[in-house]
Amino acid sequence: MLKEIGILIRKEITLEWRQKYALNGILLYVVSAVFITYLSVGAKMGNLAIPTWNALYWIIILFSAVNAVAKSFVQEHQGRQLYYYMIASPEAIILSKMIYNTGLTLILALLGYGVFSVILGNPVQDQGLFLLNLLLGAMGFSASLTMVSGIAAKAGNNATLMAILSFPVIIPILLMAIRISKNALDGLDWSVSTDKLLSLLAINAIVAAAGYILFPYLWRS
């Protein structure tokens with residue numbers, strides 16, 4: 001399975017490299033959203049309240065992740081899915097997409113963090129905790145949105161269905177990530193965030209395990 005996962009991840013990277021307009025569009029979305037936020041709130045560097053900075057950052061990252069991960073199964077036409085069905089296991093397919101989407105979401109989160117730091121200032125006092133939170137948040141977003149994207153693709157690429165199904169799963173991950181990043185912004189000790197980090201890790205594990213178990217039944221349909 002490890003070999004299948006590696007080959008499928010390379011396939012995802014190759015397709016993304018060939019269709020650069022998709023990645024470029026998402027990157028443009030991140031940069032433009034941050035700049036529009038700067039113009040809308042009229043905030044100069046370091047002149048934005050910390051809770052507002054935190055909320056705006058995660059809102060932009062959330063919508064960037066949705067745009068990036070939503071196409072996981074939408075871009076796979078029926079003939080290609082039948083080909084995958086014959087050469088790879090469904091577990092390898094869902095794990096490869098989760099891993100790839102985690103990397104893509106993490107890149108978008110880091111890009112947004114850099115753009116935020118340049119345009120709106122960087123009030124983060126604990127960089128290590130903040131970056132760890134970004135990694136866990138990217139894992140949670142990708143795991144939940146990848147599975148929901150597969151369900152929506154089987155239902156005729158219904159965007160409304162994806163929004164409805166992802167909302168109950170995304171909200172706990174988003175709220176936990178916002179709380180942890182607030183602690184990192186305030187420079188609080190790691191012990192304050194330990195329980196929240198473990199809760200976020202547990203949510204990610206539950207979502208990933210559910211996707212791993214349920215996806216084979218979805219794939220056979």
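Biologist: Which side chain does a polar contact of 2.9 Å join to that of S193?

Modeller: This is a predicted model, in which local features need pLDDT of at least 70 and side-chain atom pairs pLDDT 80 or more, while totals for chains, interfaces and linings use all residues. Residues are numbered from 1 along each chain as its sequence is written, and side-chain values use heavy atoms, without hydrogens and water. A polar contact is an N or O pair within 3.5 Å, one able to donate a hydrogen and the other to accept it, with residues adjacent in sequence counting only if both atoms are side-chain atoms. The partner of S193 is N183.

Biologist: Is S193 buried or exposed?

Modeller: S193 sits in helix α8 (a DSSP run of H or I, at least four residues). Leaving aside neighbours within four places in sequence, S193 has contacts (heavy atoms within 4.5 Å) with L129 and N183. Buried means under 20% relative accessible area, exposed over 50%, partly exposed in between (1.4 Å probe, protein chains only). At 0%, S193 is buried.

Biologist: Which residues does Y57 touch?

Modeller: Not counting residues up to four places away in sequence, Y57 touches A109, G112, Y113, F116, F130 and L134.

Key:
Helix = DSSP H or I, 4+ residues; strand = E, 2+ residues; numbered from the N terminus.
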